[in-house]
Structure formats: structure tokens, C-alpha cells
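Welcome! Take a moment to look over the sequence and the 3D view, and then we can walk through some features together.

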Amino acid sequence: MDIAIIVGLDVVSGIASLVLISAGLAVIFGMMKIINLAHGEFLMLGAYATVLSVSAGVNIWFAMLVIAPVFVGLVGMIVERCLIQFLYGRLVDSMLATWGLSLVIVGGTTMIFGNTIVGVSSPLGGFQVGAYQSSLYTPFLALMALLLMTAVFGVMRFTRAGLIARAVMQNPDMAATLGVNPARVYMATFGLGAAMSGLAGGLLAPIAGVVPTMGAAFIAKAFITVVGGGTSILWGLISASGLFGFINQIAAFLTTPVFGEVILFIAAIILIRLLPTGISGRFFKGRL
Amino acid sequence: MSVPLLQTGGLTIRFGGVTAVDQVDFTLKEAELRCLIGPNGAGKSTFFKLLTGQLHPTEGHVHLRGQDISGARPHEIARLGVGIKTQVPNVFNAMTVQENLWIAARHKHTPAYATELTDQILSELRLTAIAHKEVGQLAHGQRQWVEIGTVLAGEPELILLDEPAAGMTHEEVERTAELIQDINRSRALVVVEHDMQFIKMIAKTVTVLHQGAVLIEDDVSRVLEDARVRDVYLGKGLAA
Amino acid sequence: MHLLNGMRGALIGAAIAAVAILTAPLYIDLFQIMQLTVFAAMAVLALSLGFIWGYGGILCFGQTSFFGLGAYAYAVAAINFGDSTPAIALAILVPVIFATLLGYFMIYGGISDVYLGVITLTVSLILFNLVNSTAGDFYKIGEARLGGFNGIPGVPTFNLPGDPSYILTPEQAWMVTGMALILVYLGLRVLIASSFGRIIVAIRENETRAALLGYDPRIYKLITFMIGGAIAGLAGALYVNWGAFVSPTIFALGLSAQIIIWVIIGGRGTLIGPVIGCLLLQWLVTEIGAQQAMDANFVLGAILIVFVLLVPKGIAPTLRDLAMSRLSRDTAPAPTADATAKVKT
Ligand SMILES: Nc1ncnc2c1ncn2[C@@H]1O[C@H](COP(=O)(O)OP(=O)(O)O)[C@@H](O)[C@H]1O
Ligand SMILES: [Mg+2]
């Protein structure tokens, strides 16, 4: 019985962490149809922002939930203005440019902070399920994922920005007809996507080793989730995170975490063979 | 009666709410020349896409010499002898005119014979002078000719031409008409065209599509006099 | 005949390069020979991506997967058989089988370029994690322990085919690697000039048109992808032979990025471009390593960004275009093209 609770908790936290680490990527993909290959580095910058703020005496909650997303969001906006905007309409080149950016950020961070692991300790304690020990941080992450998705839903559904975003997702030329400057939409998209990645990075800081190359550990899962989910930001992300989080955690429980990832990938590639535009391309066409 | 070359029954495709092709029954005999007309958005190009496997019908079937090809992929239908010149030029831009035709000819023939056939078609279509130019650099009218040449080089038995005369000079339009009649001596064609002068030059039987459905199908002179056809076109170019 | 005419330049170039490779040990010291050997192995890898991306239009971000699988297949087989000849065959076969499976799901699924790039990259990331986790006695294939993070040391290097007791000297290994590079290059040139080569370029240019002419784009793309996997696997064997060692870093993201950069700066749609790009970048990375003033990733990333923004075609095609416009300025303008065309046909 206890073990069932623990596995259940694992599945929930697996799904929640997929949502968190993929959300920023999904926003940029849904709106701009490119995969941001510097996504892992945006996570890493969020984690560094948190660790450095905490060691400068800032409250850890404020560092994770405010400083990390704001800082990385600003970085994203600058990147869009200085790099991505010159490559509109060239999907492959845009992706290659973000790959270049990823290397520059990893290299730059290594030159400044060195290749050593830093970190912060978890702000929450543990709790007991029968013979098993679990951390309160796990349900906290699930709560954050839920809040994030609710916020995305609310913005998309009820605000003017959300209306514009939905229009652009359907048809990129639509922004102009709504009287908005497309350049501003893309800058905001990239900034917002980066901020979400920054938030995820901040939340990861207490539970992951923070090093310049840490992004690589997360991007495989984030890529699979976003590709499997397709271009609909909310439903694609939720359905793919749900499906893959479940498969991944069960497989990891039965084998090892690494084999869990391999099985996750195999599931994803079979899915792609059947649904080449992802889950949302088939079942949530034209939805949020 | 023998099996028709091409036959569709109840052919229908819907895009969300739009029924682009609606219950079309269409029959084409061996070596027939048919013109397909209708206002913009009538569903002519979509009908061609259904015939060539670029789209699959929501309902109905397409039979080629009695064989059901409704669910077949484009390359399978091409192998059965259907060639198409699409409305938007579909060519290999970074390759030369000669290479474009050669690729088409190579599918059925040895490299050496493909080269021979290519040279022959190039000179028939008077493209020899630009044979080694990159197709991407050519004007729209010339690209149309290249695509027609590519279709011919594939030696299909049924040829579909979607607006072949668009963007051509008057003299080129006349040559296209002659060419079509020439091809028709041995092969069947379906030609979509807006230019009524052109239709008068080549047509025997004309099918009119309107909002995806067949409005009328008859001899060219009767179709052009029909009041419904005039209404559909709102006099657009019909009197000319 | 026609084929050979078009290849005369390549054949002459290859002959000169072959002479240079075979005589290099006479005037270059062993350290530099070793350096050149790894450069040449990497250049074979560069050709594999240059072919599938530049000609086949297949955007593979994870070409290291096939390189790494080839390297591991060679290492495991060489340790078990004690003979490099069947090991080299397996180093080609294993990546080809993997490319066939992976390519089938992606290409027959009909996914977009963006998806294909991301999925191939993901494969290399997962292989990296997977092989990294193979420490311990449990992960043993025959005699060979995979060794996880530490990799496999002491891999037997190339021997004379049929005589496992005759191990090639470093100079001989260099000649084999250099000649492999030349043969792969010439083989690809012949392939590109063949009907198959022209058809895959046609499919790259316009998949719909090719299908409407009766070619099934999926099978051509899959075969192209498999050939790329085979060449990358061979490069993997050459690489292991150079160091007698293989570790999971062969699958690492950094190398995936480098291969892409070689092809981008050298130029898509040429074969010599990726080779040049590879040699230049390898040299640069070695220099950066020696200087220790800058982080190599930083420099590589900056180079990638600059090329994507400013020289998207890459070095070789840009130089060729420059030479062409020079040529057409020197001779009379436009009509010449028509005139020569007439003479030829
Ligand atoms: N892929 C598609 N998705 C949605 N609607 C389409 C699609 N293709 C065609 N249509 C619609 O189908 C109708 C017929 O178009 P088309 O066949 O191009 O007409 P025609 O060639 O006769 O001018 C038009 O209303 C067009 O908007
Ligand atoms: Mg049309």
C-alpha cells in the first residue's frame, strides 16, 4: 500500500516536472513553430539566478519565483531582438541560431563561474509514508505546475493578449489584421517562453546540481514532450506530459531512470509515426 | 461498353465546414479531351488533387481503368500513368531545365534513353536554348513550359493540366492549344482553364463545376450558351 | 564516359591528395601524423552529414548517434574477435540497422524538418545517458565491458586483414584513414552523379513534384539516411582506431553541434565544403584548447551564429558564386549561356 502511494506520488511529480521543464519550450513552439535549442540554457540561467541571489542574501522563494523568471525573460527578449528577429520565416536557421546561442551561453557561464557544481538547499522538509521518506518539495512542484497551467489557460482564454496569441497560433499573418505589430508579438512570446523556462530553472535549483552544462540533462524530455504534444500550447503540453510522465515513471520504477527515458523515447517515436503532428495536431486541432 | 479510363463516383471532400468537391460523378473515355471550367474556388484544383492522390476523398471513389485508386499515394497513381501540371508551378527550382525533364523521363527509362527523350521534348517545346538554365531563374510563362515538358517526359497516358495558359503570351497560348491537340492524338487529357478563347480552340466536351458540384456537362457550344453558366460566371469573360 | 568527364577535377584532386597522404610520414613527425589521423576520421563524419543534409535535405541534428554506435560496435567486436576486419564491418552494419529503424519511423511518419532535427538530437542525448549508465559487471557484451562513464580502454587497433597478429603502425593507420576519406569522398561523388543522386536532389528540391512523377520520396530518403549512418559508423571505427579508446562523450551534445557547424561553415550542397569546415574547426578547437584563454563552446557558438546570420550558404558555395560572377563579368554577359547550351545539346 505504501509503495503504491509512493509510486503514485512519483507519477504525479513526473508529470508535473515535465509540465514545468517543457512549458517555455511549448509556448515558443506553439507560437513561432521553432524549437528553441537554447531552452536548456534558459533553465540553467534560471537556476544560476536563484543560487546567486540566495547566496547574496535574497529570500529563496523570492529568488525562485520572481528573480529567476524575470531575469531569464529579459534575456529572452534581448535574444529575440538581437538574433531571432533577423531569421523570421527561416525555421531551420532560427533553430541553428538558438543552438549557437546555447553554446555561447554554456561557454560564457563556464568562463565566469567555472565548471563546478553549486546549489541551494531545499526550503521544504520531508514527510513520512509508512516506511518511505518523501520530500514536501514534490507536492509543491505539482502545485506550481498546476498554477502555471491555470495561469496559461486564464491568459489565453480571457485576455486580449491571449486572443492575439490564439490568432497567431492559427495563422501567423492574423496578428496584423488584429492591428498588432507581429514583431512585438514575437518578442513577447520569446520573453514569456524564456521566463517560464527561467521559473522552471529556479524551481530545479534546490533539487538539481547547478552547473553550466545542466541544461542537457533536461532537454531530451522537454523535446519529446513538446514534439509529442504538437503545436497547441496548453492541451498539447498537458496531454503529452500526462502520457509521457506516466510512461516514464512507471518504466523508471520497473527498470532504471535511464531506461525509463529510453522507453519514453520509444513510446514517443511510435506516437510520432501514428500522429506526425503530435497529439494536439490530431485531437486538439485549433485549440489553445 | 468498355471500362472508362477514369471514373469518379460521388467524389466528395470537406475541409471543416467547406465542401470543396461535392458528389462529383465524372467519366472520361480513353483518348478523350475534356475541358473543366468553373469560377475561382469551384473546386477544380481540389478535384485534380483527389485524382492524383495529393488529397484523399471524404466520400466516394476514383477508378482508373476499373482499378480503385481512392486511397493510393501520389507516386503510386503516377506509376499507373497519370501526369499532372499543377496550378502553381511545381518544378525543381535549383536544377536546370534539362535536368527537370530528365528526372521525369528517368523513371521509366534507362539514363541514356532518358537523355534522348529529354532532348526530343526540349526541341519540340522549343526549350533547347534554355536547356541549361536553372529553372528558378526563369519567368513564370517559361516555368509553365518546363512543367509541361516534365509531364510529357514522364509519358503518362492521362494528362491533367491545371490552367496551363496562365501567364503566357497570346502566341504561346495558341501554341499550347496546338500542343494539346497534338498530345490528344494518342492520349487523354483533362484541361482546366479560365480563358474562354482557349477553351473554344480546343474543347469538344466541357464540364462545369460550381461550388464543388457538376453544374452541367455538354458539348462546348451548348455549354457556352447555357444561362446557368453565364450566371455562375456573372458574365466574366464569357462573352469574349 | 559522361560520368568520368564530370569527375575529372575530383579524380585529379583525389590523386594529388592520395600522394600527399602516402608520403606525409616522410616529412611530418609522428605527433602531427596522429593529429592528422583524427582530423581525417572526423572529416569522414563531416561527409556523412554533408551528404544527407546537403543533398538529401535531411536535417539530422544527431549524426553523433551513428558515429558513436559505430565506435562502440567496433570496440566491442574488436575486443571479442581479436580481429579488426569483422569489427569494421559491424561498425558499419550496426548504425545502418539503427538508421533504418529510426529513419522508418520518422520518414514514413511524414514528420517535418523541425521535428526530424529535434528527434535525432534527442536520440543522441538519450544514447549518451544510456551508455553513461552502463558501469559495472552487468553491462558486458562477451568479453567487452561497456564501462559506463569511463568508457572502454585498450581497444585493439586495425590489423592487416586476415592476419590479426600484424597490427598497423600509426603511420599505416594514418594512410588507411586518409585513404578511407578519399574513397568515401569519391564514392559519394559517383553516387551524386548517378541517377540515384539526381533523384534525391530532385526530392530535396520538390518532394511533391517528385512523387507526382512516380518516385516514392520516403524510400529514397530512407536509403539516403542509411548511407549517412553507414559512413558515420565507419568514421566511428576510424576514430576508435586512432585512440584505442571510446567513451560516452562521443555521443555528447558538443560533438553533435560541431558536426552541424562543419557543414554550415563549409557549405551545404557541396562535399568539399564540409571537409574544409571540419579541418578548419578541428584545428581551431585544438588551438583554443592549447591557449586556454577562451571556452571552446563560446567560440563555436559565436561562429555558428555569425554564419547563420551572415554567410548562410557557407564558405565553398560562396566562393564558387564569387568565382562564377567574376567569370561572367570577364566574358560577355548573358547570351553566352544560351550559346554554349545550344552547342552542348
Ligand atoms: N487545404 C484546404 N483547406 C481548406 N480549404 C481548402 C483547401 N484547399 C481548397 N480549399 C477550398 O476549397 C475550395 C475550392 O478550391 P480550389 O479547388 O482551389 O478551386 P479552383 O481551383 O476551382 O479555383 C475553395 O473554397 C478553397 O478555399
Ligand atoms: Mg485552381
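## How the chains meet

Keep in mind as you explore that this is a predicted model. Two pairs of chains are in contact, and of these, chains A and C share the most contacts. Chain A and chain B, on the other hand, do not touch: their nearest C-alpha atoms are 11 Å apart.

## A magnesium ion in chain B

Now find the magnesium ion, ligand 2. Two atoms coordinate this ion, OG of B:Ser45 and OE1 of B:Gln87, at 2.0 to 2.1 Å. B:Ser45 belongs to helix 1 (residues 44-51) of chain B, while B:Gln87 sits in the loop between strand 6 (82-85) and helix 3 (97-106) of that chain, so the pair ties together parts that are 42 residues apart in sequence.

## Two helices packed in chain A

Next, turn to helix 5 (residues 137-158) and helix 6 (residues 160-170) of chain A, which pack at an angle of about 85° with their axes 5 Å apart. The two helices are therefore roughly perpendicular to each other.

Which residues make this contact? Helix 5 of chain A contributes A:Val155, A:Met156, A:Arg157 and A:Phe158, and helix 6 of chain A brings A:Arg160, A:Gly162, A:Leu163, A:Ala165, A:Arg166 and A:Met169.

Methods: Residues are numbered from 1 along each chain as its sequence is written. Chains are lettered from A and ligands numbered from 1 in the order in which they are written. This is a predicted model: local features need pLDDT of at least 70, side-chain atom pairs count only at pLDDT 80 or more; totals for chains, interfaces and linings use all residues. Side-chain values use heavy atoms; hydrogens and water are left out. Donors are N, O and S atoms within 2.8 Å of the metal (3.2 Å for Na, K and Ca); water is not among the atoms, so sites may look incomplete. Helices (H or I, at least four residues) and strands (E, at least two) are DSSP runs, numbered from the N terminus. Contact means heavy atoms within 4.5 Å. Axes are lines fitted to C-alpha atoms, for helices over the stretch in contact, and angles run from 0 to 180 degrees between N-to-C directions. Angles under 35 degrees count as roughly parallel, over 145 as roughly antiparallel, 65 to 115 as roughly perpendicular and the rest as oblique.
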